[in-house]
Amino acid sequence: MRETVEVPWFSSPDDVAARLSATGYLTDPATATTAYLAGALEKPLLVEGPAGVGKTELAKAVARATGADLVRLQCYEGLDEARALYEWNYKKQLLRIQASQGHDTSWAETHDDIFTDEFLLTRPLLTAIRRDEPTVLLIDEVDKTDVEVEGLLLEVLSDFQVTIPELGTVTAVRRPFVVLTSNASRELSEALKRRCLYLHLDYPDAEREREIVLSQVPELEALVAEQLVATVGRLRDLELKKAPSIAESVDWARTLVALEIRELDDKAVDDTLGVVLKHASDQERAVRELRLRK
Ligand SMILES: Nc1ncnc2c1ncn2[C@@H]1O[C@H](COP(=O)(O)OP(=O)(O)OP(=O)(O)O)[C@@H](O)[C@H]1O
Ligand SMILES: [Mg+2]
């Protein structure tokens, strides 16, 4: 068997902060520390928080920063083992059975033949476990799955091994860096949480959001950036159906640059609010409460 030299994921929280920011992801100290620990302790990292605060992007950034490949399991209602772990390629197995008929092969031989790697369709969880190259496994929106899938995840994430009855047990040569994300649309089980490190990601403070926006839209002028971040902050304080996310701040910045708007006055906000707020009632409320209209 090939020896794999295990390079640690990160050498310190500062190392996380520096390397992630070099790939365009700006962390706060809590995020950097938790991500460092997830790597050092080889524990899955559960990231919970509202939409658009950078949960999914964190996993992608870890992959970019460490040169690991990203394997993604997108969760949804009705996701099952066959889609998450592996399934047998029935069609191909049938063809092989048909092809072997008429030949002098016993069922035992055919059986041994069709339950081999060649007929296995590996899905993200098994793929991540079998890889011997550094891998970031992103289990995205885990709160969208049914509870049974959580049981499956528990098994996989406790031992990093999968048992395929016909083939035997596959154990991870190198544990993947696992990131689970959740919008907290339902409570995850205590058992799953226990196996993970937990990070609550929230909207960034104004300073960090300004940095994020400017790193993605460097053409934005300093004054507008300041005003944009302040306005987004005020919008988030209102009780809206859908508060603006970081992605929407960035879109807004791009819009303002495209329209060559140099100051975010009432008119500019009125003209472009659709980029940030996507519900008519939210827009009305924002306009009213921010007293944008005279
Ligand atoms: N810390 C950050 N540094 C740089 N960009 C960020 C950061 N956080 C978020 N972003 C930007 O915000 C976008 C949205 O982030 P992401 O898709 O990760 O959100 P999410 O939390 O997974 O949301 P959802 O719950 O809707 O899936 C990213 O594509 C990225 O451009
Ligand atoms: Mg996401």
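Biologist: Which residues come nearest to ligand 1?

Modeller: In this predicted model, Ala51, Gly54, Lys55, Thr56 and Glu57 come nearest, out of the 16 residues around ligand 1. By class, the shell around ligand 1 comprises eight nonpolar, six polar and two charged residues.

Biologist: What makes up the shell around ligand 1 in terms of helices and domains?

Modeller: At least two residues of the shell come from each of α3 (55–66) and α12 (246–258). Domain 1 (13–85 + 123–200) and domain 2 (206–289) each contribute at least three residues to the shell.

Biologist: How many residues does each domain bring to the contact between domain 1 and domain 2?

Modeller: The C-alpha centres of the two domains lie 31 Å apart. Domain 1 gives eight residues to the contact and domain 2 gives nine. On the side of domain 1 that touches domain 2, four residues are nonpolar, three are polar and one is charged.

Biologist: Which residues of α10 and α11 make the contact?

Modeller: From α10 they are Ala206, Glu209, Arg210, Val213 and Leu214, and from α11 Ala225, Glu226, Leu228, Val229, Ala230 and Gly233. Seven residues of this contact are nonpolar, one is polar and three are charged.

How values were computed: Residues numbered from 1 in each chain as written. Chains lettered and ligands numbered in written order. Predicted model: local features only at pLDDT ≥ 70, side-chain atom pairs only at ≥ 80, totals over all residues. Contact = placed C-beta atoms within 7 Å. Helix = DSSP H or I, 4+ residues; strand = E, 2+ residues; numbered from the N terminus. Nonpolar A, V, L, I, M, F, W, Y, C, P; charged D, E, K, R; others polar. Near = placed C-beta within 6 Å. Domains from an automatic or database assignment.
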